[in-house]
Amino acid sequence: MATKQRSRQRRPNSSRDRSPRYVAPVLDPTWQNPYAPSSGERTANLHAVAKLARRKNLLKTIIVAIIAVGLLAGFVVSPFIAVGAPVVVALYVFDFRRSVKKFTQSGNSLGNVLLDAFKAGGTSKDRQRLVTVLDRLAATFGVDSVSAFIVEDEGYNATLVPNGSGYALFITSALMRDFELIELEGVVAHCLARQRLALLQRQSVASLASLSDEDRKSLAGSGAAYRADEVAAAAIRYPLGLAGALRKCSRQVVPAGSFFLTPNYDQGRWVWFDIWSDRKDSNLSDLDDVELRALALEEW
């Protein structure tokens with residue numbers, strides 16, 4: 001009987017042990033949303049053009065440094081020779097900053113370049129539809145001063161590029177005709193996401209500057225389209241719309257006569273929604289491939 005009594009006395013205690021306990025939430029002030037552009041990410045993209053310019057001028061920098069050191073060493077012969085060192089360095093720094101600024105700003109004319117490359121397309125209904133989608137998404141992404149253009153082309157593609165002090169959004173007439181509204185929304189969101197990621201400058205310069213294919217790809221940012229998909233899908237909260245747009249791009253065979261089969265597109269492909277529009281077979285090892293991007297979004 002004593003054993004049974006002790007067993008009964010333990011039950012209330014064991015019952016209390018199994019009851020849920022309050023755990024105070026712990027907030028991490030360093031946490032960042034992985035689907036939102038970080039300040040470090042934007043800064044790295046903004047400095048990409050200057051970084052390439054410094055690398056291109058490395059030999060010239062070394063030569064100037066050697067000359068400056070030689071002039072300083074001439075102080076032993078005459079103090080007036082050493083004065084030339086800071087003068088040479090100051091002139092070099094001034095010239096370097098001027099060339100980097102010119103190099104950086106070269107992409108600002110891409111909007112006009114594309115306007116000259118296409119004819120106007122689309123119907124008045126298409127234009128109203130595009131403007132409605134753009135106005136709503138531009139507010140979501142915090143982007144203003146965007147002019148929208150529907151251009152005549154049977155290839156599915158779109159881009160947002162610098163246009164002077166603002167931006168120009170180009171959508172092909174085939175995309176406007178064949179894409180559902182939710183797919184069009186995904187495409188426009190992707191283009192605006194590139195601006196939020198600060199990709200437009202580096203990609204526009206890569207499209208216009210005289211560079212090797214390797215430097216062009218490095219400056220544009222390999223995998224940047226995949227990252228823009230993530231930011232866009234998180235913002236519109238419907239990744240399947242963007243995935244559907246990518247699927248249609250992957251299944252299309254670009255017709256003859258399209259801009260997306262020309263050398264101009266080959267040089268400027270990095271600013272476009274479908275970077276490899278002229279690719280016949282998918283390459284699932286390439287983060288910028290539309291087939292791979294669609295698969296990634298479908299798994300969300």
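## Exercises: loops, packing and burial

R237 sits in the loop between α13 (224-236) and α14 (239-251); helices (H or I, at least four residues) and strands (E, at least two) are DSSP runs, numbered from the N terminus. This is a predicted model, where local features need pLDDT of at least 70 and side-chain atom pairs count only at pLDDT 80 or more, while totals for chains, interfaces and linings use all residues. Residues are numbered from 1 along each chain as its sequence is written, and side-chain values use heavy atoms, with hydrogens and water left out.

**Exercise 1.** Work out whether R237 is buried or exposed, then look at its phi.

*Solution.* 
- Step 1: Buried is under 20% relative accessible area, exposed is over 50%, and partly exposed is in between (1.4 Å probe, protein chains only).
- Step 2: R237 has 72% relative accessibility, so it goes down as exposed.
- Step 3: check the backbone. R237 isn't a glycine, yet its phi is positive, about 60°.
- Step 4: S145 is another non-glycine with a positive phi of about 60°. You'll find S145 in the loop between α8 (124-141) and β1 (146-151).

**Exercise 2.** Describe how α8 and α13 pack.

*Solution.* 
- Step 1: take the geometry. The two axes are 11 Å apart and the angle is about 105°. Axes here are lines fitted to C-alpha atoms, for helices over the stretch in contact, with angles from 0 to 180 degrees between N-to-C directions.
- Step 2: name the arrangement. α8 and α13 are therefore roughly perpendicular; the classes are under 35 degrees for roughly parallel, over 145 for roughly antiparallel, 65 to 115 for roughly perpendicular, and oblique for the rest.
- Step 3: list who touches whom. α8 brings L137, T140 and F141, and α13 brings V231, A232, A235 and I236. Contact means heavy atoms within 4.5 Å.

**Exercise 3.** Which residues does F170 touch, leaving out those up to four places away in sequence?

*Solution.* 
- Step 1: F170 is in strand β3, and with a relative accessible area of 0% it is buried.
- Step 2: go through the partners. F170 touches G111, L114, L115, F149, V151, N157, A158, T159 and V161.
- Step 3: T172 counts as buried because its relative accessibility is 0%. Neighbours within four places aside, its contacts are I150, V151, D153, G155, Y156, N157 and F260.

**Exercise 4.** Where is K217, and which residues is it in contact with beyond four places in sequence?

*Solution.* 
- Step 1: K217 belongs to helix α12 (residues 213-220).
- Step 2: its relative accessible area is 38%, so call K217 partly exposed.
- Step 3: its contacts are S222 and W270.
- Step 4: K217 and Q267 are 50 residues apart along the chain, and their C-alpha atoms are separated by 10.0 Å.

**Exercise 5.** Zoom out and sum up the protein chain.

*Solution.* 
- Step 1: secondary structure comes to 16 helices and three strands.
- Step 2: of the 300 residues, 43% are buried.
- Step 3: take contacts between residues at least 6 apart in sequence. Of these, 67% join residues at least 24 apart.
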